[in-house]
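Work through these exercises with the sequence and the model open. Try each task before you read its solution.

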Amino acid sequence: MKYINDKKEIIYNILRLLIILHFCGVSDGQGCQQSPKVVASCPQSAYDWIMHAKIVCTESNNYHCLITERHQDNKQNIIECCMKPQNITRGHMPRYNLNKKDLQEIECQEDYYMPTQFPSNRYRDHDVQHCKYMKSNCNMEGMKICNHGSTTTDRSCYCDYKELYVPELPLDPGEHCFSLKDNLCSLRNDCDKNYQELDMMYQCVNICKIGYFRPENEMICRHLPEGTTIAGKVTSEVSVPDNIKPTVKASTPPTSTKDNMVKPEMENQGTKDNHIVALYGVGLVCIATTIGGVVIGIFVLRRYKKASAKKLSMQAQSCDILL
Ligand SMILES: *[C@@H]1O[C@H](CO)[C@@H](O)[C@H](O)[C@H]1NC(C)=O
């Protein structure tokens, strides 16, 4: 009997350990230290943010003011609470998930971007609904959007050369686009409008022959689509070749920032994948410990039944003897 009781105690302790492990796995993320408080808005300046943080949290660095998963443009849901700050991957912003009681990363919206990693407890200039930086809209005089950027990069702009706008400051060789803060567009007046126009590199070139046209963001003249027999063949008619930079490929519009954009997005994907793998890991541990618990539970029950059956038969035997 003593032996069985010892075994039971061991199994009980194993069960207890498994249960503790199980809950450790679930609450591994760092949620709010107290239950989050719903607020109408977050502090509206970096100064207010710091001052308010000192009032709300004993460790002011732990102050967070975040949107939740229930937040929508027409229905605000903002909370504040104290918790350990976490690093947010570039191209993302933090959000508090009330259901999971944990901090999450969500991608920047189309008009915003975040080029670097940053801590989740920081004031953000365009409020907590948005990533820190707003993208340029290239709407100054004579400007157009060249490239929409990404979650980690700003848009780039170019000058509307079809309307004879050119960058005021020189661009790097082979470049056609620039960032809004680096340049402005102004009218160029030295082309002879009777027989010249600007190409995409902002050079004066001869207007295409009749039956040809210069597509937007291409260097050379192409056949007009209708009434042509040599379909799709590229025919150049530029008679001011000295002005054309040989580095520019004619058929592809130059999107120099594109190469820079691809990498960060792939990196983000990598960290996201890691998060998913970690989540699956936690999930697996939970499932394994639950199944383990149930199996051991059944084992204990069976042992207990067997033991009591033995006891009964022993009692019966002793009864027999007595009788
Ligand atoms: C966040 O990143 C910085 C700089 O890379 C690092 O020093 C810091 O320890 C990180 N903090 C957390 C909570 O991971």
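**Exercise 1. Does Asp127 count as buried, partly exposed or exposed, and how many C-beta neighbours does it have inside 10 Å?**

Solution. Know your source first. This is a predicted model: local features need pLDDT of at least 70, side-chain atom pairs count only at pLDDT 80 or more, and totals for chains, interfaces and linings use all residues. Residues are numbered from 1 along each chain as its sequence is written.

Step 1: learn the cut-offs. A residue is buried if 20 or more other C-beta atoms lie within 10 Å of its own, exposed if 12 or fewer, and partly exposed in between; C-beta atoms are placed from the backbone.

Step 2: apply them. Asp127 has 13 C-beta neighbours inside 10 Å, so it counts as partly exposed.

Step 3: Asp127 sits in the loop between β8 (118-119) and β9 (133-134). Strands (E, at least two residues) and helices (H or I, at least four) are DSSP runs, numbered from the N terminus.

Step 4: check the backbone. Asp127 is not a glycine, yet its phi is positive, near 70°. Most residues other than glycine have a negative phi.

**Exercise 2. Tyr202 has a positive phi too. What is its value, and where does Tyr202 lie?**

Solution. Step 1: the phi of Tyr202 is about 65°.

Step 1: Tyr202 belongs to the loop between β14 (196-198) and β15 (204-206).

Step 2: count its surroundings. Tyr202 has 19 C-beta neighbours inside 10 Å, so it is partly exposed.

**Exercise 3. In which order do the 3 strands of the open sheet run?**

Solution. Step 1: the order is β1-β3-β2, with antiparallel pairing. Two strands pair if DSSP finds at least two bridges between them.

Step 1: find the edges. β1 (37-39) and β2 (63-67) each have a single partner strand, so one side of each lacks a neighbour in the sheet. From one strand to the next, the twist averages 35°. Angles like this run from 0 to 180 degrees between N-to-C directions, with axes as lines fitted to C-alpha atoms, for helices over the stretch in contact.

Step 2: count bridges. β1 pairs with β3 (residues 78-82) over 3 bridges. β2 and β3 pair over 5 bridges. Here Ile67 stands opposite Ile78.

Step 3: In β3, 4 of 5 residues are buried.

**Exercise 4. Where is Gln76 found, and how far in space is it from Gln129?**

Solution. Step 1: Gln76 is in the loop between β2 and β3.

Step 1: Gln76 has 16 other C-beta atoms within 10 Å, so it is partly exposed.

Step 2: Gln76 and Gln129 are 53 residues apart in sequence. Their C-alpha atoms are 9.2 Å apart in space.

**Exercise 5. How many residues lie between β5 and β6 in their hairpin?**

Solution. Step 1: there are 4 residues between them. Lys101 in the turn has a positive phi of about 55°.

Step 1: β5 (residues 92-97) and β6 (residues 102-107) pair in the antiparallel sense over 6 bridges. Arg95 has Gln104 in β6 as its bridge partner.

**Exercise 6. Which residues of the largest nonpolar core touch the most other members?**

Solution. Step 1: define the core. A nonpolar core is a set of buried Ala, Val, Leu, Ile, Met, Phe, Trp, Tyr and Cys residues joined through C-beta atoms within 7 Å.

Step 1: name them. In this core of 17 residues, they are Cys157, Cys159, Tyr161, Tyr165 and Val166.

Step 2: trace the strands. β10 (143-147), β11 (156-159) and β12 (165-167) each supply at least two residues. β11 gives the most, with 3.

Step 3: look at one member. Not counting residues up to four places away in sequence, Cys159 touches several residues, among them Met143, Cys185 and Tyr202. Two residues are in contact if their C-beta atoms, placed from the backbone, lie within 7 Å.

Step 4: find the other core. A second, separate core of 12 residues includes Ile67, Ile79, Cys81 and Met83.

**Exercise 7. What pLDDT does the protein average?**

Solution. Step 1: pLDDT is the predictor's confidence in each residue, from 0 to 100. The average is 76, and 62% of the residues score at least 70.

Step 1: over residues 229-277 the pLDDT is below 50. Beyond near neighbours in sequence, this stretch has 61 contacts in the model.
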